[in-house]
Amino acid sequence: MATSPKSARPDLSSLRISDTKRTTTRRSWRWLWFVLGAFVLVLVAVGASAFRDRRPEVEVATVQKPATGPAGVLNASGYITPRRRATIAAKITGRVTAVHFDEGTRVAEGQLLATLDDSDARRALDSAVADRDSSKAAIADYEVQLKNAEIEFHRTQKLVEEGVSTQQALDSATMAADSLRAKIALARQQVVAADARIREQQQAVDNCTIRAPYAGIVVSKDAQVGEMVSPVSAGGGFTRTGIATVVDLHSNEIEVDVSEAYISRVQPDQPVNAVLDAYPDWVIPAKVRTVIPTADRQKATVKVRISFTDAGHKKLIDPATESRILPDMGVKVTFLEEQKADARQQKSAAVGVVPQSAIHQDNSSSFVFVVKNDALERRAVKVGSNRGSDVEILAGLAPDAVVVVKGPESLRDGQQIQVKQ
């Protein structure tokens, strides 16, 4: 049965949204955005509060008492260098048969360090001794023959005088005696030559023993038993050229490089304070020994050698501290100004010294931040002369006060801080 066009049209009225539902949906979205915005504002407020309450970290230092004596005019760094340091080598090529030392062994002058194979040298020595003994035995035989020849000469001479013997027999007896005297002289000369060969071979035997040339400490063991050593490089690098390296600790000194722009501040015999990197609390008195009269054009520096004074040298060679000082140790030195005759100029008016990084400038005045109960206190100070990386404080600080040496640029008076550990 056919349907009319009106009955075939779909009914869409069920999909229509009423005005009431549309209004309710809009209100729900508004509440959701309101809650999200409030939550974001709370997070921002909490973060800002935490950031505002965060204490800045600072590095601090304690005001140190000013050092007595002359002020420093220049700082430099260098190394401990012994003036007497030698690599002990053999005079001949040979195989090592014994080593009588190790690293750190203290040796005396002439002490045996190692031995080489001396079998060939001793055989040659024995041969030279045998030649000498043979020549001495020949002399003894010739002397016996000469005694008999002289008796024969005198007998023949009497017979010739009595006309019993001929002149030819006398000449023969004379020649026999003279010949024996010549043989004795030759044999004695051979003994002298044999003695010379014995001394030569004895020297070859002595060359097989290596001894310390001076008292010191062994810092390097360069050969082992069974290795070949030679005074010259041989065998494509497989032959050792040294036995040991010995250092005389009594000859220790300091070698530093000074920029040529400041070398005018350094003079011979100028007092110096030396501090080893390994022992920063140990100040060793020293003085400038010499300024090497040449410059390094690549580094623009001049080499300066510094010797320890009597007091400092005694500390270095003291058995209790000698083992603490090792060659090639790093050391920092402070060149001091010459002592002045006026005692008032020698006495410093500074109440303390602080690192230069602790000083801040405000227009023409200087100030520091003092730490008290984890809070900052701005304190005006009067500064004096520089002492290396430190500066003298003439007024404004008490001894042992704690000052800020490194921190943010925004530090202010009364601010709470946290000391960096």
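User: Of the 421 residues of the chain, what percentage count as buried?

Analyst: Of the 421 residues, 29% count as buried. Buried means under 20% relative accessible area, exposed over 50%, and partly exposed in between, with a 1.4 Å probe and protein chains only. This is a predicted model, in which local features need pLDDT of at least 70, side-chain atom pairs count only at pLDDT 80 or more, and totals for chains, interfaces and linings use all residues. Residues are numbered from 1 along each chain as its sequence is written, and side-chain values use heavy atoms, leaving out hydrogens and water.

User: How many helices and strands does the chain have?

Analyst: Helices (H or I, at least four residues) and strands (E, at least two) are DSSP runs, numbered from the N terminus. The chain has 7 helices and 22 strands.

User: How should I read a sheet, and what is the order of the strands in the one that holds E6?

Analyst: Strands of a sheet pair through backbone hydrogen bonds, either parallel or antiparallel. Two strands are said to pair if DSSP finds at least two bridges between them. Here, 4 strands form an open sheet in the order E7-E6-E4-E9, and the pairing is antiparallel. Strand E7 (209–211) and strand E9 (228–229) are at the edges with a single partner strand each, so one side of each has no neighbour in the sheet. Strand E4 (residues 94–99) and strand E6 (residues 112–116) are joined by 3 bridges, and Val96 has Leu116 in E6 as its bridge partner. Between E4 and E9 there are 2 bridges, again antiparallel; Arg95 has Met228 in E9 as its bridge partner.

User: What is a nonpolar core, and which residues have the most contacts inside the largest one?

Analyst: A nonpolar core is a set of buried Ala, Val, Leu, Ile, Met, Phe, Trp, Tyr and Cys residues joined through side-chain atoms within 4.5 Å. The largest has 22 residues, and those with the most contacts inside it are Ile254, Val256, Val258, Val304, Ile306, Val333 and Phe335. At least two residues of this core come from each of strand E2 (72–82), strand E11 (252–259), strand E12 (271–276), strand E13 (283–296), strand E14 (301–308) and strand E15 (330–336). Apart from this core lies another, of 18 residues, among them Val107, Leu116, Val229 and Ile243.

User: With which residues is Val256 in contact, leaving aside its neighbours within four places in sequence?

Analyst: Val256 is in contact with Ala76, Ser77, Gly78, Val302, Lys303, Val304, Ile306, Val333 and Phe335. For the chain as a whole, among contacts between residues at least 6 apart in sequence, 74% join residues at least 24 apart.

User: Which residues other than glycine have a positive phi?

Analyst: Asp269 is one of them, with phi near 65°; this residue lies in the loop between E11 and E12 and counts as exposed at 52% relative accessibility. Asp328 also has a positive phi, of about 70°. Asp328 is placed in the loop between helix H6 (319–322) and E15, and is partly exposed, with a relative accessible area of 47%.

User: Which residues form a nonpolar patch on the surface?

Analyst: Patches are made of residues with over 30% relative accessible area and no salt bridge; like charges are joined within 9 Å, and nonpolar side chains (Val, Leu, Ile, Met, Phe, Trp, Tyr) within 5 Å. A salt bridge is a side-chain nitrogen of Lys or Arg within 4 Å of a carboxyl oxygen of Asp or Glu. Phe39, Val40, Leu43 and Val44 form such a nonpolar patch, with about 400 Å² of accessible area together. Accessible areas come from the Shrake-Rupley method with a 1.4 Å probe, and for residues only the protein chains shown count as cover. Val44 lies in helix H2 (residues 19–53) and counts as exposed at 54% relative accessibility.

Notes:
Contact = heavy atoms within 4.5 Å.
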